[in-house]
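Reader: Could you take me through one part of this protein up close, the place where some of its helices pack side by side? I'd like to see how they sit against each other, and then what lies around them.

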Amino acid sequence: MFVNWNQIEFAHIEFLALLIIPFGMIAWHFLRFPRQYATLTLPTLSGIKGHRKPVRGWIKQHLFILHALAMGLLIVALARPQTRFQEEDISVEAIDIILALDVSESMRAMDFSPNRLETAKAKALAFINSRNEDRLGLVIFGTDAFTQAPLTTDHEIVKNMLREIRFGLLDGGTAIGMGLSTAILRLKDSDAKSKVIILLTDGENNSGFIDPSTATEAAIQEGIKVYTIGVGRNGPVPFPMNTGFGNLEPKKQLIPLDEELLKEIAQRTGGKYYAVSNSEALSNVYQEINELEKTKRQVSRITRTTEEFHEFLILGGLLFILELLLRYVVVRHIP
């Protein structure tokens, strides 16, 4: 018997109540057996010593066991044991997402611990971990912009490239238009029904040869939604300054943030602008975007049923045949 009982279900489980019949037969036999055969009291066993109990007699007395087992197996077969196997056919409508991250010198500000850039990287990593089905890419921008990781379903590559981002990869300005246009180029040839850019910056557009308004028009034409995140607190914030002796000392500095520009980009492309002033707020922003941009999944379930009664039926029939052979051939007696 190769049946996995953990997966067995019965089509007619009510028939299992009939198992009381073979169990009752066995119980009745052992209850009445001592009274069925008379006992003989002898002063000594020397007269019958050496006479073994006939095998045929033992078989005849216990033939009912085969009968009860066969009946039990046939009752189980009558209840129609089955195994069910469910298959899932999953179709996914994924989203292509580009993370555009500001790596300008202003991201050294220490109003986030240890600084704005490291905090942004950590929260972006958590966001990537939550997008299992989507293609993701990474663009960084400062005075210029370039693609750190192209669109891919291999999220480990994107995460490794994100971890390697550091200050000095690009010059210290902030080219928001360049960062946005580079991200758009990464999505331009995408055939995904939903294309999204998440642009994070803490400054204002002061570099690059592409105007943010021009890049925004390109995003609209390509059907790309842009979520913009403005990082930083209002007013002066601690910023590491060189003391002249090779040491860095945090000093208060005002870092201007062009919120109106970021709001305009988000509004015109159908996205949303978020202003964040601490690490927890940035986590909440990524969580909200994660909820807004849900990947569509269509699941079709197919249930396959396999009948398992054949083994019980065959074994029960064989036990009945064995009982008949033993009863009428092996232990048959002539009156």
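Author: What follows is a walk through one packed set of helices, then a strand beside the story, then a few other spots along the chain. Keep in mind that this is a predicted model.

Let's get our bearings. The chain has 335 residues, and 39% of them count as buried. Its secondary structure comes to 10 helices and 11 strands. Take the contacts between residues at least 6 apart in sequence: 82% of these join residues at least 24 apart.

Now for the close look. Two packed helices are described by the angle between their axes and the distance between the axes. Start with helix H6 (residues 176–188) and helix H7 (residues 212–221): their axes come within 8 Å and cross at roughly 20°. An angle under 35 degrees counts as roughly parallel, and H6 and H7 are therefore roughly parallel to each other. As for the handedness, H6 passes H7 in a left-handed crossing. Which residues do the touching? On the H6 side you'll find Gly177, Leu180, Ser181 and Ile184, and they meet Pro212, Ala215, Thr216, Ala218 and Ala219 in H7.

H7 also has another partner, helix H8 (residues 259–269). Here the axes are 9 Å apart, and the packing angle is about 15°. That makes H7 roughly parallel to H8 as well. The crossing of H7 and H8 is right-handed, while the one between H6 and H7 is left-handed. From H7, the residues in this contact are Pro212, Ser213, Thr216, Glu217, Ala219 and Ile220; from H8, they are Leu261, Glu264, Ile265, Arg268 and Thr269.

Thr228 lies in strand E7 (residues 224–231). Is Thr228 buried or exposed? It's buried, because its relative accessible area is 0%. The Thr228 side chain reaches the backbone oxygen of Leu262 at 2.9 Å. Setting aside neighbours within four places in sequence, Thr228 is in contact with Leu199, Leu262, Lys263, Ile265, Ala266, Lys272, Tyr273 and Tyr274.

Next, have a look at helix H4 (residues 116–129). The N-terminal end of H4 is capped by Asn115, which places a side-chain oxygen 3.2 Å from the backbone nitrogen of Leu117. The buried residues of H4 are Arg116, Leu117, Thr119, Ala120, Lys121, Ala124, Leu125, Phe127 and Ile128.

Ser283 is found in helix H9 (residues 279–292). The C-alpha atoms of Ser283 and Lys123 are separated by 6.0 Å, although the two residues are 160 apart along the chain. Ser283 is partly exposed, since its relative accessible area is 26%.

One last stop: Ile157, in helix H5 (residues 155–163). Ile157 is partly exposed too, with a relative accessible area of 41%. Between the C-alpha atoms of Ile157 and Leu136 there are 9.8 Å, and 21 residues separate the pair along the chain.

Technical notes. Residues are numbered from 1 along each chain as its sequence is written. This is a predicted model: local features need pLDDT of at least 70, side-chain atom pairs count only at pLDDT 80 or more; totals for chains, interfaces and linings use all residues. Side-chain values use heavy atoms; hydrogens and water are left out. Helices (H or I, at least four residues) and strands (E, at least two) are DSSP runs, numbered from the N terminus. Buried means under 20% relative accessible area, exposed over 50%, partly exposed in between (1.4 Å probe, protein chains only). A polar contact is a pair of N or O atoms within 3.5 Å; within protein, one must be able to donate a hydrogen and the other to accept it, and residues adjacent in sequence count only if both atoms are side-chain atoms. Axes are lines fitted to C-alpha atoms, for helices over the stretch in contact, and angles run from 0 to 180 degrees between N-to-C directions. Angles under 35 degrees count as roughly parallel, over 145 as roughly antiparallel, 65 to 115 as roughly perpendicular and the rest as oblique. A crossing is left-handed if the near helix is turned anticlockwise from the far one by less than a right angle, and right-handed if clockwise. Contact means heavy atoms within 4.5 Å.
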